[in-house]
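Subject: Structure handover

Hello,

I am passing this structure on to you, with my notes below it. Please have it open while you read.

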Amino acid sequence: MPDDHAAGGGATPADTRRRRIDAALRHSPLQPAFRAVAAARLAVLAYHGIDDPPTFAAQMARLARTARPVSLAAVEQAVRDRRPLPPRSVLVTFDDGDPSVLTHGLPVLRRHRIPAVAYVIAGLVGSDRPYWWSEAAFLARHGGSADGLPPGTAPDGVVRRLKQVPDTVRRRALQHLRDTARRQAPRTPQLTAAGLAELRTGGVAIGNHTVEHPCLDRCTPARARAEVEQAHHLLAGLLGEAPTSFAYPNGNLDPHAERALTDLGYRTAFLFDHRHDRRLPRNPLRISRLRVNADTGPHRFDTILSGLHPAVHRLRGGR
Ligand SMILES: [Zn+2]
């Protein structure tokens, strides 16, 4: 959760410390060595929404200058032909289909001619329903309670907990939170079918990110399969073309979902493991991605691209 759907906020002493560490890493002698290794690998960047448009614009300008942005089609072709992508290849991806990808992301991507992929939650397209984790956090902040959630659990803790329990328990808890909170979560306009079409026209492919965004490894086998299949058919109907790429919600791999992807002929599926992959991915249904936010500063952005930040993250016990 802290890595996936991280909350924004003002600068705290911890932020200042983090920025100092980012700058030290960026200027360390390790950075050029890591950068040289990374140039021979594939970097797939996993974003969510664009909460800081100027910083995101600076990141894309940097990519356009120093890397080789590639499309999903190019990755699929590399896999099909068994031919590695060129050095310094970067694929930009966005999870959850946040409307800011259309309003703030697309103009920047177009300006720099950077192709991308948006993995959308099929059940939310055209609706005004908030993401379930935003709703749960809101309800917890407004007095909502549920079995298995100790009273006084912080909203972030509630979401973390709901990502760990069986999915049936998560759904029940979400309903209890709705029934007990003082206020209901505000409605949130999501991307529409027209918005998806606009993204595609602008060079952003649309991928499958399930119907409801449960953690698939917390679902029953039948439910995990249904999440993949139903989202596939919903998106095929909306796009007039079946999606060929998938991203695991929260990055949680699940064998039943994977089998469904194979049966549906998916060409690629993406994790959220904060790693580079090979320029010819070893397993196209388990391609690694690097976690990055639209408000990530230039020092950290550089060390994520070089693989130094992920290496330090792993040394410190991060997944
Ligand atoms: Zn997601």
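Does Arg113 count as buried or exposed, going by its C-beta neighbours inside 10 Å? There are 9 such neighbours, so Arg113 counts as exposed. Please keep in mind that this is a predicted model.

Arg113 sits in the loop that runs between α5 (99-111) and β4 (116-120). Its phi is near 55°, which is a positive value in a residue other than glycine. As background, most residues other than glycine have a negative phi. His274 also has a positive phi, near 55°, and is not a glycine either. The loop that holds His274 lies between β7 (268-270) and β8 (277-278). His274 has 22 other C-beta atoms within 10 Å and is therefore buried.

Domains

The chain is split into domain 1, made of 29-129 + 192-315, and domain 2, made of 132-180. Their C-alpha centres are 28 Å apart. Domain 1 puts 7 residues into the contact, and domain 2 puts in 6 residues. On the side of domain 1 that touches domain 2, the residues are 3 nonpolar, 2 polar and 2 charged.

Cores

The largest nonpolar core has 70 residues, and the members that touch the most others in it are Val44, Leu45 and Ala118. Strand β1 (residues 41-47) supplies the largest share of this core, with 6 residues.

What does Ala118 touch, leaving out residues up to four places away in sequence? The list is Phe94, Gly97, Val101, Leu199, Val204, Ile206 and Gly207.

Helix α6 covers residues 132-141, and its buried residues are Trp133, Glu135, Ala136, Ala137, Leu139 and Ala140. The cover over these buried residues includes α7 (155-162) and α8 (167-180).

Leu174 is a residue of helix α8. Within 10 Å it has 19 other C-beta atoms, so Leu174 is partly exposed; the cut-off for buried is 20 or more. Not counting residues up to four places away in sequence, Leu174 touches Trp132 and Ala136. Leu174 and Trp133 are separated by 41 residues in sequence, while their C-alpha atoms are 9.2 Å apart in space.

Helices α2 and α12

How do the axes of α2 and α12 cross? Helix α2 (residues 30-38) and helix α12 (residues 298-306) have axes that come within 8 Å and cross at roughly 50°. The two helices are therefore oblique to each other. On the α2 side the contact is made by Gln31, Phe34, Arg35 and Ala38, and on the α12 side by Thr303, Leu305 and Ser306. Sorted by class, this contact of α2 with α12 has 3 nonpolar, 3 polar and 1 charged residues.

That is what I have for now.

Regards

Technical notes. Residues are numbered from 1 along each chain as its sequence is written. This is a predicted model: local features need pLDDT of at least 70, side-chain atom pairs count only at pLDDT 80 or more; totals for chains, interfaces and linings use all residues. Axes are lines fitted to C-alpha atoms, for helices over the stretch in contact, and angles run from 0 to 180 degrees between N-to-C directions. Helices (H or I, at least four residues) and strands (E, at least two) are DSSP runs, numbered from the N terminus. Angles under 35 degrees count as roughly parallel, over 145 as roughly antiparallel, 65 to 115 as roughly perpendicular and the rest as oblique. Two residues are in contact if their C-beta atoms, placed from the backbone, lie within 7 Å. Ala, Val, Leu, Ile, Met, Phe, Trp, Tyr, Cys and Pro count as nonpolar, Asp, Glu, Lys and Arg as charged, and the others, Gly among them, as polar. A nonpolar core is a set of buried Ala, Val, Leu, Ile, Met, Phe, Trp, Tyr and Cys residues joined through C-beta atoms within 7 Å. A residue is buried if 20 or more other C-beta atoms lie within 10 Å of its own, exposed if 12 or fewer, and partly exposed in between; C-beta atoms are placed from the backbone. Domain bounds come from an automatic or database domain assignment.
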